[in-house]
Amino acid sequence: MRVTFTVNGRTETADDVWEGESLLYVLRERVGLPGSKNACEQGECGSCTVYLDGIPVCACLVAAGQAEGRQVRTVEGLADGDRLDPIQEAFVECGAVQCGFCTPGLLVQAHDLIERVARPSDAEIREALAGNLCRCTGYEKILDAVRLAAARKAEAR
């Protein structure tokens, strides 16, 4: 089947997509956007989180055909050209990136949170990121980064 959808503002078409192919596979292997990571393939780790029509989803659980005619935004689409999104800047500044495998999903999920909640509490941050697993950081630097990005975004409003 042919799947045509918008990714990070650009129309993309994938041909010969088989019925069981995931959106994650199409993004990484057919569209050339390797940012979203393939870790568990069961929706348990959050490494593949992307926006689908503005809602964060695990791309490994979305059949590619479900993206037909829809809007997808990946971690690559958070930046504005060479200018990183404030959440991306905060992750770098706070040292919240270690091995980097969980980072794309955490960035998308944290971005969604601070778009919805101007100054999230620690409990709100923890709840928003609960579906994203990290083996390296111990989460404290990730929480610091979300707090920093949220504060900067709130000041800019």
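Colleague: In this predicted model, between which two elements is the place of E21?

Modeller: E21 sits in a loop. Strand β2 covers 10–14, and helix α1 covers 23–30. The loop that holds E21 runs between β2 and α1.

Colleague: Does E21 count as buried or exposed, and at what relative accessibility?

Modeller: The cut-off for buried is under 20% relative accessible area. E21 falls under that cut-off, so E21 counts as buried, at 2%.

Colleague: Which side chain does E21 join in a polar contact, and at what distance?

Modeller: Leave aside the neighbours within four places in sequence. E21 is then in contact with D16, V26, R30, V62, A63 and A64. A polar contact joins the side chain of E21 to that of R30, at 2.5 Å.

Colleague: Where does G77 lie, and is it buried or exposed?

Modeller: G77 lies in the loop between β5 (71–73) and α2 (86–94). Its relative accessible area is 15%. Buried means under 20%, so G77 is buried.

Colleague: How far apart in space are G77 and V7?

Modeller: In sequence, 70 residues separate G77 and V7. In space, C-alpha to C-alpha, the distance is 8.0 Å.

Colleague: What is the phi of E41, and is E41 buried or exposed?

Modeller: E41 lies in the loop between α1 and β3 (49–52). Its phi is positive, though the residue is not glycine, and is near 55 degrees. The relative accessible area of E41 is 54%, over the 50% cut-off, so E41 is exposed.

Colleague: What is the phi of Y139, and what is its relative accessible area?

Modeller: Y139 is in the loop between α4 (122–128) and α5 (140–156). Y139 has a positive phi in a residue other than glycine, near 75 degrees. Y139 is partly exposed, with a relative accessible area of 31%.

Colleague: What pattern does the protein follow along the sequence?

Modeller: The protein has five helices and five strands. Read along the sequence, they give β-β-α-β-β-β-α-α-α-α.

Colleague: What radius of gyration does the protein have?

Modeller: The C-alpha atoms fill a box of roughly 45 × 30 × 25 Å along the principal axes. A compact globule of 157 residues would have a radius of gyration near 15 Å. The protein agrees with that, at 15 Å.

Colleague: What share of the contacts with a separation of 6 or more comes from residues 24 or more positions apart?

Modeller: Of the 157 residues, 45% count as buried. Among contacts with a separation of 6 or more, residues 24 or more positions apart account for 57%.

Note on methods:
Residues are numbered from 1 along each chain as its sequence is written. This is a predicted model: local features need pLDDT of at least 70, side-chain atom pairs count only at pLDDT 80 or more; totals for chains, interfaces and linings use all residues. Side-chain values use heavy atoms; hydrogens and water are left out. Helices (H or I, at least four residues) and strands (E, at least two) are DSSP runs, numbered from the N terminus. The radius of gyration is taken over C-alpha atoms; the globule rule is 2.2 Å times the number of residues to the power 0.38. Buried means under 20% relative accessible area, exposed over 50%, partly exposed in between (1.4 Å probe, protein chains only). Contact means heavy atoms within 4.5 Å. A polar contact is a pair of N or O atoms within 3.5 Å; within protein, one must be able to donate a hydrogen and the other to accept it, and residues adjacent in sequence count only if both atoms are side-chain atoms.
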